[in-house]
Each structure stands twice: as C-alpha cells, then as structure tokens.
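My plan is to look up a few places in turn and note what I find.

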Amino acid sequence: MSRPVRTRIAPSPTGDPHVGTAYVALFNWALARRLGGSFILRIEDTDRQRSTGASERMILEALRWLDLQWDEGPDRGGPFAPYRQSERTAIYREHAERLVAGGAAYPCFCSRERLDALRAEQKAAKAQLGYDRRCRALAPAEAARRRAAGEEHVIRLAMPVDGETASDDLLRGTITVANSQVDDQVLLKSDGLPTYHLANVVDDHLMEISHVIRAEEWISSLPKHVRLYEAFGWEPPVFCHLPLLRNADRSKISKRKNPVSLEHYRAAGILPEALLNYLALMGWTMPDERDQFSREDFVAAFRLESISLGGPVFDLEKLGWLNGKYLRDLRPEELLARLRGGPLADSYLLTILPLVQERIETLADFVPYAGFFLAGEVSYEAQALPRLAAPGRGPAATAKAVQELLEGHLDPILEWQVAAVEQALTSFMEASGWNAKELFMPLRVALTGRTATPPLYETMAALGKERCRWRLRRAVEVLRAMKA
RNA sequence: GACCCCAUCGUCUAGCCCGGUCUAGGACACUGGCCUUUCACGCCGGCAACGCGGGUUCAAAUCCCGCUGGGGUCACCA
C-alpha cells in the first residue's frame, strides 16, 4: 500500500491510434498525476505479423497531440528500460523457464492442425472450448528431451485443475471463476516470443506497476494473470477494468460503426483538450457535475473508485457540442494558432497547393476551389450528386463497391501515400471487375463533392486516410438511401 | 452455447455504499420562447428514465433473490 503509484498505457502497434487507447491512457495518466506517481508508456509489439514501426510512431504522435505526457517510455527511456517488448524477449523466455522448472507451466508440442481439429470437434459437440491438456501429461524428462531435439513447441500455463481463482477488481469487487473454466493459456509462442499474458504480467511486475487500469475486455483473462502472479510469487497490482466505449447499438466501439482513429478527430478539427474532456465524461462525473472542465481540475478531483460501470455510448454529437464550447473560449489569436497547427498548417497547404495552383486564376479562387481539402466533411454540389452512383451499376452496386474498396483495400494502408492509394485502387479493380472509368467519378464526388477536381490519387493522398474514410462511409450511406 | 461483467430519461450521467430529504437532479439531442437585420452563441421554459417479478422493511431507485435484457471473452492477436 505504501509503494509508489505507477500506471501505464500499453498499446499494441498494430494499426491506427485508437480512441480506446486514449480513453484508457487518460485515466491511467490522471491517477498517476493525481497521486503524484508516474505514468509509463510501454509498447506491446509481441505480435510479429501485425506490429509495425509506422503504427508505433502514429500512436506516440497521437498521445503527444493529446498531451498525455508519459514519464518513461521507449522514446525517452527510464529506470526500467527497454519499454518495447520486442527488446525484452530474453526476459520473458527466462521467466517462462522459471515457471516450467517450478511446474507451473509446461511445453506443448501439439500442432496447429491438431488444435484446429480439436476446436472444431469441441464446437461440433457444443463442448467447452479449450486445450485438452494432452502435453501436460508428458513426463518432464520426455518433454525436455523433445525440446532439446529442437522440436517445435509452445509453453503453456498449467492452470490448477480444480478449485477457483478469486481476483479483485477495484470497481467490481471480487470476481471468482472456477479454474476448470480457465484454459491452459499459451505463454510463449513457438517463435519464442511471449503472448500478451506472460509479457504483460512480467513487465507490470518488473516495472513496478501499482495499478493496472485497462479495458473491460480483459476481465475474462484476469484469473490467468492472477495465477501467474501467484506462480511467480509476486504481489499482484490493483486491477481496475474500465467500461468499454460503445457504438450506438451498444456493441464494443468499432470502425464499422464509428470513427475510432484519433487521426480522424484531429482531421475533423476536434481540439485535443475537448476530446480528452469528452472522454473523461465517459464514466466520470465532476463532483459539481459540470460538463466542461480543464485537465487540471480533472486531475485535482479525480477518484478512480467513482467511475461508473455502464458501457458508455460514444456520442459524436455531444463531443461536437463540447468542442464548440472550447473553440468559442479561445482568444482569436489562439484560434488562429490552432488553425495554423491544423487545417491551415504550412506543411498541409504546401501539399495541396501544387494540385490547386494550375487550376485557379486568381488568389481569390483558392478558398472556393480548395474548400474540400480543408473541410471535415463535404456537401455534394447539385450536379455532382447524380454522379455519385456509377451509371452502368446503380447506387446499390456502387455502395457495395465503395464499401469493399474501403474495408478490403484502403483500411489496411498504414502509410497513406500516393503510391499506396494507387495500388489499393488497382488491386480493388482487379479483384472486383470495376474499371477506372466507372469507379473514379463516384469516388471523386464522394471525396470532394464535385465532378471537377485535381487527380484522384493525389487528392486522396493529400486528404489523408481518415478524411477519405469518413467521406467514403458517408457516400455509402447516401448511395444506400438513393433509389435505383 | 459456456463463463464472466453490467442494468436510472433516446444518449452521457447524479442519486445507490450509510433505505425516508427523489412529485428522481444536471448535460447532449429534440422542442417552445427571449435576445437578434440573419445565422450562430447566450438566456428562460418544455418533453423524457429508476427493465420485470418476488422478498426484507413502517418505508426501496437505493438492501437480497430470481428473471429478462445488453455486453465481453472463449487464438501460438492484443
């Protein structure tokens, strides 16, 4: 109880910076600041297939934009460096061995094929899903021999077979789960890298994290984590599972139904302090119940224990209202500075200017011509609207195509450049049978609201991924509402 | 399906722990009006909720149980 407060945000760099990361980071940051502790940034890049440096950079940039300053992290070091899990693999292996030696974990030689078959079988029989613990029965000497021979294997947690595990959550009290319900989780993958469960527990302990504040989706693996602390002989931290941000239909927030990239909010002209304030409202209420408050006031009043548990629906409308209040509070000079840091940044203007320059006659033409580059969303010009649907295909088919293009080809792009956009459109056309002649005008209208614009690839690259995403999604909705 | 979490206005929530002060408060949205050349802002007002059923109690939004509903998880992803 007397140990210093240390909290952390531990994002996985596998995509665009997520609003849920900001949400969890905010409460971790606030608790550390409130109690004079430290807030740590740790990168959980143990998924070799999906982790990228580009994603990590974007996440750091997004957290900086929100001004959630961390005291220790991969970019600035600290007493428990390194803070990137891919640089700590020896530590995890050593700890996994320790568990194996103590009998709390064991090598498993089962192939993926066998595991897949097992799962299919269990599913068909409507039985409980999970590993059948076949390799747990192996004699330690036999297992050691096969490992020494270089046979491919993973290390699994040997969960107690009976009894139950009680875990404490700060907000929910004691959560008790029968051990028979808990799977023998893989701790070390066959590539030698740890899974989340091992790496997370080991690092939280070694980095002396006092409060693990994370999303509700982790509750079901809590018993595994508690068991790991126990097996290592470590004192567990305080666990606190935050409610999940929700879509309007109350499912877990997702990019199909909501903008989830922090980059979207920046591109849409949301002020970082307004976004943070709004996020704080999701589960937290100021003692005087006011909706607008500075981060200083938030930190001063913050109590982790009084977070409410209902899954809050993320409401863009209320965020917009709050942002408006913040915007109106700015002095004109400050507003100007914000504009120059955002839509009117020199760097951005310089990328769109070459596209605009050859198409205007006077300086005065710039704003009307380039308006769609600066706006959050576009309105369709009257003569452009009918051309949102491809003539030979119709609105429904066009909607479907745009959606496929978006989800299958555009979404995966991490580094949004002209070449990447061109490649995505090309691959979509090859896969779908659409050609440029029929596809490009609908896209042009969807993205700009007009029929006459600079070249499509360059325009899309300049607009940025999030503006394109948002506008294409809206176009899909408009198309669906159109009569064939 | 199994396990776990959750449950106050359409949405975010206060109240619940320590039952009466709750004819349930605030905010967004919607709506009526005022201000105003217009719009926006701002101001005043309105609409709107304790999921259901049992207990406990003189008294339940508040405590207990059940049901229903919603959500999450069930990967060599996090």
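**Entry 1: the RNA**

I began with the backbone of valine 313. One of its polar atoms sits 2.9 Å from a phosphate oxygen of RNA strand B. I keep in mind that this is a predicted model.

Next I looked up two side chains. Arginine 119 places a polar side-chain atom 3.4 Å from a phosphate oxygen of RNA strand B. Glutamate 216 has a side-chain N or O atom 3.4 Å from a sugar or linking oxygen of RNA strand B.

Which elements give two or more residues to the surface near RNA strand B? I listed helix H4 (112–124), strand E4 (154–157), strand E6 (173–178) and helix H11 (316–329). H11 gives the largest share, 5 residues.

Then I took the whole surround. I count 51 residues around RNA strand B, and the closest are Asp47, Arg172, Lys189, Ser190 and Glu289. Of the RNA atoms that come within 4 Å of the protein, 81% belong to sugar and phosphate.

**Entry 2: domains**

I looked up the domain assignment for chain A. It gives domain 1 (6–86 + 245–321), domain 2 (88–242), domain 3 (330–374) and domain 4 (385–481). I noted domain 1 as written in two segments, 6–86 and 245–321.

How far apart are the C-alpha centres of domain 1 and domain 2? The separation is 27 Å. Their contact takes 28 residues from domain 2 and 26 residues from domain 1.

**Entry 3: the cores**

I turned to the largest nonpolar core. It has 58 residues, and those touching the most other members are Leu275, Leu279, Phe298, Phe302 and Phe314. Helix H1 (residues 19–34) is the top contributor, with 11 residues. Domain 1 and domain 2 each supply at least three residues to this core.

I went back to leucine 275 for its partners. Beyond its neighbours within four places in sequence, leucine 275 contacts Trp65, Leu66, Leu262, Tyr265, Ile270, Phe314 and Leu319.

**Entry 4: helix H9**

Is helix H9 enclosed or open? I find H9 (residues 272–281) largely enclosed by the rest of the structure, because 9 of its 10 residues are buried. The buried ones are Pro272, Ala274, Leu275, Leu276, Asn277, Tyr278, Leu279, Ala280 and Leu281.

I then asked what these residues pack against. The list runs to H1, helix H2 (53–65), helix H8 (262–267), helix H10 (295–301), H11 and helix H12 (332–341). Just after H9, I noted glycine 283 with a positive phi of about 115°.

**Entry 5: two loop residues**

I looked up serine 12, in the loop between strand E1 (6–9) and H1. Serine 12 is partly exposed, at 36% relative accessibility. Its contacts, leaving aside neighbours within four places in sequence, are Glu44 and Ile59. A polar side-chain atom of serine 12 lies 3.2 Å from the backbone oxygen of glutamate 44. I also checked serine 12 against tyrosine 196. They are 184 residues apart along the chain, and their C-alpha atoms are separated by 9.7 Å.

Glutamine 185 came next, in the loop between E6 and strand E7 (186–188). Is glutamine 185 buried or exposed? Its relative accessible area is 17%, so I wrote it down as buried. Not counting residues up to four places away in sequence, glutamine 185 touches Ile155, Arg156, Leu157, His197 and Lys224.

I checked the peptide bond from alanine 81 to proline 82. It is cis, with omega near 0°. Proline 82 falls in the loop between H2 and helix H3 (89–102).

Last, I looked up positive phi values in residues other than glycine. Lysine 126 has phi near 50°. Arginine 133 has phi near 65°. I place lysine 126 in the loop between H4 and helix H5 (140–148), and arginine 133 is also found between H4 and H5. Lysine 126 is exposed, with a relative accessible area of 79%.

Note on methods. Residues numbered from 1 in each chain as written. Chains lettered and ligands numbered in written order. Predicted model: local features only at pLDDT ≥ 70, side-chain atom pairs only at ≥ 80, totals over all residues. Heavy atoms only, no water. Near = heavy atom within 4 Å. Polar contact = N/O pair within 3.5 Å; in protein donor to acceptor, adjacent residues only side chain to side chain. Helix = DSSP H or I, 4+ residues; strand = E, 2+ residues; numbered from the N terminus. Core = buried A, V, L, I, M, F, W, Y, C linked by side-chain atoms within 4.5 Å. Buried < 20%, exposed > 50% of the residue type's maximum accessible area, 1.4 Å probe, protein only. Domains from an automatic or database assignment. Contact = heavy atoms within 4.5 Å.
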